[in-house]
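Hello,

Here is the structure I promised to hand over. Please have it open while you read the notes below it.

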Amino acid sequence: MRTLIALTLLVLSAFAVQAETYKTPEALIKALYAYDLDKTAADAPSPYQPFFSRGLAKLFVADRTRTSDDEIGTIDFDPVISGQDGEATNVRLGPLKGSGDRVELDVFFRNFAPVTLHYTLVRENGGWKVDDIENRKGEVKWGLRELLGGH
C-alpha cells in the first residue's frame with residue numbers, strides 16, 4: 001500500500017512540477033519567493049514541488065516513501081527561507097553564472113538575519129526549475145540534494 005501511495009505522489013508531483021513554465025531563471029526565483037504555500041496539496045512531498053526539477057522532486061518523493069507517517073522527513077525546515085520560521089524580506093538576486101540549460105545564482109534576503117542561498121537551476125520542458133538549494137555561508141551549511149541523499 002505504501003508503494004502505491006508513493007507512486008501516486010510521484011505521478012502527482014510530476015504534473016505539479018510541469019504546471020508552470022518560467023522562461024527565465026529570474027522569473028522562477030521571483031515566483032518562488034512570492035509563492036503561496038497553500039496552493040500546494042497538503043500531502044505533497046514538499047510545498048515547493050511545483051518549482052523543483054524532476055530530479056529534485058524524485059528525491060523528495062523517495063524521502064517521503066522512506067519516512068513513516070508519524071515522522072516529518074529529512075527536510076524539517078523551509079529551505080527557501082533557510083529556517084523553520086520567518087519569511088524572506090528584501091530579496092535580491094545575484095548575477096547568473098553558467099549558460100545553456102544549467103545556471104547558478106545566489107539569492108540574498110533577510111530572515112531575522114542576512115541569508116545567502118545558492119541556487120542551481122536547470123531548464124526542463126522549456127522552462128526553468130530549481131535543481132538544488134544550498135546554504136554555503138550560514139552557520140549550518142547544507143544542500144538539499146546532499147541532505148536527501150542525491151547528487
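This is a predicted model: local features need pLDDT of at least 70, side-chain atom pairs count only at pLDDT 80 or more; totals for chains, interfaces and linings use all residues.

**What I found**

Start with Asn 90, which sits in strand 1 (residues 89–93). Residues are numbered from 1 along each chain as its sequence is written, and side-chain values use heavy atoms, with hydrogens and water left out.

Most residues other than glycine have a negative phi. Asn 90 is not a glycine, yet its phi is positive, at about 55°. Asn 90 is exposed, because its relative accessible area is 59%. The cut-offs are under 20% for buried, over 50% for exposed, and partly exposed in between (1.4 Å probe, protein chains only).

Phe 112 also has a positive phi, near 70°. It lies in the loop between strand 3 (102–111) and strand 4. Its relative accessibility is 70%, so Phe 112 counts as exposed.

**Helix 3**

Buried residues in helix 3 include Leu 56, Leu 59, Phe 60 and Asp 63.

**Salt bridges**

How many salt bridges are there? The count is seven. The rule asks for a side-chain nitrogen of Lys or Arg within 4 Å of a carboxyl oxygen of Asp or Glu.

- Arg 54 and Glu 124 form a salt bridge, at 3.7 Å from N to O. Arg 54 is in helix 3 and Glu 124 in strand 4, so the pair ties together parts 70 residues apart in sequence. Arg 54 is partly exposed at 41%, while Glu 124 is buried at 14%.
- Lys 97 pairs with Asp 106, with the closest N and O atoms 3.7 Å apart. Lys 97 is partly exposed at 41%, and Asp 106 is buried at 14%.
- Asp 131 and Arg 145 meet at 2.8 Å, N to O. Asp 131 is in strand 5 (residues 127–135) and Arg 145 in helix 4 (residues 144–147), 14 residues apart. Asp 131 is buried at 11%, and Arg 145 is buried at 12%.

The largest pocket holds about 280 Å³ of space. It has 17 lining residues, and among the closest to its centre are Ser 82, Asn 135 and Trp 142. A pocket is an open set of points on a 1 Å grid over the protein atoms alone where a 1.4 Å probe fits, with protein on both sides within 12 Å along at least five of seven lines; lining residues have an atom within 4 Å of a point. Strand 4 (residues 113–124) gives the most to this lining, with three residues.

The second largest pocket has a volume of about 240 Å³. It is lined by 15 residues, with Pro 45, Arg 64 and Ile 72 among those nearest its centre. A volume is the space filled by probe spheres set on the grid points, which are joined across faces, edges and corners.

Best wishes

Methods: Helices (H or I, at least four residues) and strands (E, at least two) are DSSP runs, numbered from the N terminus.
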